[in-house]
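User: I am new to this structure and would like to learn how to read its features. Could you guide me through them?

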Amino acid sequence: MNIVKEKQHICLNFLGIKIKFLNLKKLKYIIYRRYFKSLYINNCIYPIISRRTFMQRCIFSKNKFALKLKKKFLWKVTLFKFLTNAKLEIPVMDFNITNKCTLKCKDCGSLIPFYPEDKKWTITFEDFKKDLDTFLNSVNSIYRMKLIGGEPLMVKDLDLMLEYSLKNKKIKNVEITTNGTILFTDNQLKILNKYRRKALIVLSDYSSNKDLKCLKYEQIINQLDNNKIKFLHPRDNWFERGDIYNRKKDIQSLIKTLKRCWQRDCIALFDGQYHICTRSFAIHRLTDFKFSENEYIDIRISPPPTEKFHKRIRNMFLKDYFSVCSFCQDPSKIRIPRAIQTKELLFIDNT
Ligand SMILES: C[S@@+](CC[C@H](N)C(=O)[O-])C[C@H]1O[C@@H](n2cnc3c(N)ncnc32)[C@H](O)[C@@H]1O
Ligand code: SF4
Ligand code: SF4
């Protein structure tokens, strides 16, 4: 009898008969690292930080024991759901609604300065609704959905998209991340105010770059304050992103890269495709790099086999490497100044 340990299975070969068991230890490890950590932060910690609900504020922030208990319970439920193929809660998801932008930051995490004019795109409200509905049919809920870009305030129908997502009970929190170069419209402010318990604005602070004369932070903060809309104004230095080219990494290096990546939790929906991150989408759109079948999900196939999507989403969370991570350097702790601009169109090398 010989026993072979594979990624998620243990194969037992007994007198020529092969029996496959789940490698529960490995499976638990991946589920914990790739899914549960993010779920816990977004389900338990994030509401405390953003001070949303009375329950969270009074019980969990003051009582570490209650928080520990909640974590334990959540872990058991999570494991059960994975093992029984149930629909998942998505901890956090970037919904990219455009790759157009008012700035051209050379170290942009979403690789926006790599898109040439003919690859610039903005989602229509019709496609937004269809993609979101298809996705939501395959999951139980989304804790944090971030509307990002490019610059989301350039999108004409942003108010319709906001209202559509904010009123959906399956989405618990909606965020918009903006670079602060465009003011909110009255209608956007009205909607954000109406659903203010669920809405949050992340107003990136690029004022450290003194060359940027187009930043309108004071006016935007006034708009948000006057309409009682919560916002963050983060100013931490950026992470060094490194050059984007195919490093042809082996599997062990790919596992290591993903494990350390600061973007590994920003699962991204982008023009009808569900990817591990916005960089993966950019590499798919801008190069002829061959993705394996289970490394992204095309959610616009018709008719949508929703019952299969939820399994594919689950399987994406069970992966411990993605071949597209070959294009990224091993994440370093080096921090760099925010929003340094480039004038050039940048290129991805896939040779
Ligand atoms: C890709 S941007 C899109 C939204 C908007 N254009 C903006 O700049 O705020 C989303 C977030 O990623 C952050 N970001 C972009 N590049 C980064 C990097 N190299 N390191 C850390 N954060 C980064 C931005 O500051 C922003 O908060
Ligand atoms: S980080 Fe800069 S280039 Fe990238 S989307 Fe935001 S503003 Fe645009
Ligand atoms: S491609 Fe991989 S390493 Fe690069 S940002 Fe995405 S998840 Fe991280």
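This is a predicted model: local features need pLDDT of at least 70, side-chain atom pairs count only at pLDDT 80 or more; totals for chains, interfaces and linings use all residues.

User: Which residues come nearest to ligand 1?

Analyst: The shell holds 16 residues, and Gly-109, Ser-110, Asn-179, Ser-204 and Trp-238 come nearest. Two or more residues of the shell are given by each of strand E6 (171-178) and strand E9 (238-239).

User: How should I read the span of helix H3?

Analyst: The expected span is 1.5 Å times one less than the number of residues. Helix H3 (residues 64-83) has 20 residues and should therefore span 28 Å; its end C-alpha atoms lie 29 Å apart, which agrees. Asn-85 follows H3 and has a positive phi, near 65 degrees.

User: Which residues of H4 are buried?

Analyst: A residue is buried if 20 or more other C-beta atoms lie within 10 Å of its own. In H4, the buried residues are Phe-128, Asp-131, Leu-132, Phe-135 and Leu-136. They are on the same side of H4, because they cover an arc of only 125 degrees around the axis. These buried residues pack against helix H5 (158-166) and strand E10 (268-270).

User: What is the order of the strands in the open sheet?

Analyst: The eight strands of this open sheet run in the order E8-E7-E6-E5-E4-E10-E11-E12, with mixed pairing. Strand E8 (231-232) and strand E12 (297-298) are the edge strands, each pairing on one side only. Within the sheet, strand E4 (residues 89-96) pairs with E10 in the parallel sense over three bridges, and Phe-95 stands opposite Leu-269 in E10.

Key
Residues are numbered from 1 along each chain as its sequence is written. Chains are lettered from A and ligands numbered from 1 in the order in which they are written. A residue is near a molecule or strand if its C-beta atom, placed from the backbone, lies within 6 Å of it. Helices (H or I, at least four residues) and strands (E, at least two) are DSSP runs, numbered from the N terminus. A residue is buried if 20 or more other C-beta atoms lie within 10 Å of its own, exposed if 12 or fewer, and partly exposed in between; C-beta atoms are placed from the backbone. The arc is that of the directions from the helix axis to the C-beta atoms. Two residues are in contact if their C-beta atoms, placed from the backbone, lie within 7 Å. Two strands pair if DSSP finds at least two bridges between them.
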